[in-house]
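Welcome, and please load the model in your viewer. We will go from one selection to the next, with a short note on what you will find at each stop.

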Amino acid sequence: FGALFIIFLFFAIKVRRNFPFFFFISFPFLFTVFIDNLWPANVVQEKVKINAGRVDIFSRIFIILTFIISGASLFLGVKFSNSPFNSFCEDRYRPSSNRLFYPCRALEFIKSNPNLNNQRLFSSFGWGGYLLWQYPEKQLFIDGRMPQANFKGHSILEEYFEFYDEKKTAAKLDEYEIDLVLIRNSSVKSDLNFLDKYFMVGRKKGNKNNTLLTFLASSPNWKLIYSDSLSVVYQRSEKTE
């Protein structure tokens, strides 16, 4: 347990989304340490009647139940479909849902306009897999395959988040010569729970789209060329035809 505790603690510190794995792995270890310190071995054996063997059994049962419950939760949440990406198009969007939807109509708009096909595209990180599948000829700024890859002294994901830093937005769009931006519509609200909002995602990152959208909407160099219930597409004004 000690080695796993240290390994997953490192991963949890490096990437916050790994924290649940750290918790599941470390809880039995921490529980064992807690029992050993709260009740010395002689007290455990003589008065409380809990011994190391029973603690070990508890730890095994906890791990097994954790995997069973987690697996069952994931399985019950699966929506089977012959066309998985298309099953999550924006026309099936529900405002109260936290499920990830894809900008199917926005992408069709981009692909149907030849003057947009050769322009550099910046898109929301969560749509990278969909765009890779439906628009393979387009080179993306980032997708989900290697978000932690080293880039300019930090991760490519951290570089991506700099586009949502109001002090760096304009410079980043110019630096990478971005002509087209496809991101979530500001009217789409994600109802994050307490842990997601304040710990796993964070308030600043959870609302990151508002900063970029505010810049694009107020800048004379950018023009809104497409909008629907889920996404918006902005193009540099000097590129508009």
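**Before you start**

This is a predicted model, so local features need pLDDT of at least 70 and side-chain atom pairs count only at pLDDT 80 or more, while totals for chains, interfaces and linings use all residues. Residues are numbered from 1 along each chain as its sequence is written, and side-chain values use heavy atoms, with hydrogens and water left out.

**Stop 1: the whole chain**

Show the protein chain as a cartoon: eleven helices and six strands make up its secondary structure. Helices (H or I, at least four residues) and strands (E, at least two) are DSSP runs, numbered from the N terminus. Of the 241 residues in the protein chain, 33% are buried; buried means under 20% relative accessible area, exposed over 50% and partly exposed in between, with a 1.4 Å probe and protein chains only. The chain exposes about 15100 Å², and carbon and sulfur atoms supply 60% of that area. Accessible areas come from the Shrake-Rupley method with a 1.4 Å probe, and for residues only the protein chains shown count as cover. Among contacts with a separation of 6 or more, 58% link residues 24 or more positions apart; contact means heavy atoms within 4.5 Å.

**Stop 2**

Now look for an open sheet of four strands in the order 1-4-6-5, with mixed pairing. Strand 1 and strand 5 are at the edges with a single partner strand each, so one side of each has no neighbour in the sheet. On average, neighbouring strands of this sheet are turned by 20° against each other, direction ignored. Axes are lines fitted to C-alpha atoms, for helices over the stretch in contact, and angles run from 0 to 180 degrees between N-to-C directions. Two strands pair if DSSP finds at least two bridges between them.

Select residues 231-236 for strand 6, where six of six residues are buried. Ser231, Val233 and Gln235 point one way, and Val232, Tyr234 and Arg236 the other. Strand 4 (residues 180-184) runs antiparallel to strand 6 and is joined to it by five bridges; look for Leu180 opposite Gln235. Strand 5 (residues 222-227) is also antiparallel to strand 6, with five bridges, and here Leu224 has Tyr234 as its bridge partner.

Strand 1 and strand 4 pair in the parallel sense over three bridges. Select Ser123 in strand 1 (residues 121-123); its bridge partner in strand 4 is Leu182. Ser123 counts as buried because its relative accessibility is 4%.

**Stop 3: a buried loop residue**

Which residues does Ile178 contact, leaving aside its neighbours within four places in sequence? They are Arg120, Leu121, Phe122, Phe163, Leu173, Trp222 and Arg236. Ile178 is in the loop between helix 8 (169-175) and strand 4, and is buried at 3% relative accessible area.

**Stop 4: salt bridges**

Side chains of opposite charge can pair when their charged atoms come close. A salt bridge is a side-chain nitrogen of Lys or Arg within 4 Å of a carboxyl oxygen of Asp or Glu, and by this rule the count is eight.

Begin with Asp174 and Arg236, whose closest N and O atoms are 2.8 Å apart. Asp174 lies in helix 8 and Arg236 in strand 6, so this pair ties together parts 62 residues apart in sequence. Asp174 is partly exposed at 45%, whereas Arg236 is buried at 9%.

Next, select Lys172 and Glu162, which meet at 3.1 Å, N to O. Both belong to a network of salt bridges that links Lys152, Glu159, Glu162, Lys168, Lys172 and Glu175.

**Stop 5: a surface patch**

Finish with Ile57, Ile61, Ile64, Leu65, Ile68 and Ile69, which make a nonpolar surface patch of about 590 Å². Patches are made of residues with over 30% relative accessible area and no salt bridge, joining like charges within 9 Å and nonpolar side chains (Val, Leu, Ile, Met, Phe, Trp, Tyr) within 5 Å. Leu65 sits in helix 4 (residues 52-76) and is partly exposed at 45% relative accessibility.
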